[in-house]
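Hello,

Here is the structure I promised to pass on. Please have a look at it, and then read my notes below.

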Amino acid sequence: MTQTLTITDLARAKIIEIRDQEAGDLEAALLLEVTGMHGDDFAYELSFVPLSDVEQTHHVERHGELAVAMRNEDLGKLDGALLAVKSRGFAMSHPNRPAGP
C-alpha cells in the first residue's frame, strides 16, 4: 500500500526519541492533523496518543517502528507530503495547497 506521508529518516528518529520520553507503557502513535490554514499553506498539529485510542475515523500508517495516525478527511491534503527536520525544527512540505476562499 502506498504511504500518504513520507518521513525522512532523521525526522522519524527525532519523533521516536521524543515519543520514547513520554510516560506510559502503551504504544503511542504520532497524531497528525490539519487544523486550518497559515498563509497559503496548511497548518498542522502534532501530538502523541496511545495507539489503542486512535479513532476508527483515522488512517494509521507504519513508518518503521513509528505509527502515524491521520484523520481520513485530511488524507487528500497530506497526500505526497514530506515531514523533515530543518534548522528550526520539523517542517512539512507537500504539493497540495488549500483551496482559495
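Helices (H or I, at least four residues) and strands (E, at least two) are DSSP runs, numbered from the N terminus. This is a predicted model, so local features need pLDDT of at least 70 and side-chain atom pairs pLDDT 80 or more, while totals for chains, interfaces and linings use all residues. Residues are numbered from 1 along each chain as its sequence is written, and side-chain values use heavy atoms, without hydrogens and water.

Let me start with Glu 33, which sits in strand E2. Beyond residues up to four places away in sequence, Glu 33 touches Ala 43, Tyr 44, Glu 45, His 58, Arg 71 and Asp 74; contact means heavy atoms within 4.5 Å.

Next, the nonpolar cores (buried Ala, Val, Leu, Ile, Met, Phe, Trp, Tyr and Cys residues joined through side-chain atoms within 4.5 Å). The largest has 16 residues, and Leu 5, Ile 7, Leu 66, Val 68, Leu 83 and Met 92 have the most contacts inside it. At least two residues of this core come from each of strand E1 (5-7), helix H1 (9-19), strand E2 (28-38), strand E5 (66-71) and strand E6 (81-86). A second, separate core of 6 residues includes Leu 31, Val 54, Ala 67 and Ala 69.

Setting aside neighbours within four places in sequence, Met 92 is in contact with Leu 5, Leu 32, Tyr 44, Leu 78, Ala 81, Leu 82 and Leu 83.

Best wishes

Note on methods. Buried < 20%, exposed > 50% of the residue type's maximum accessible area, 1.4 Å probe, protein only.
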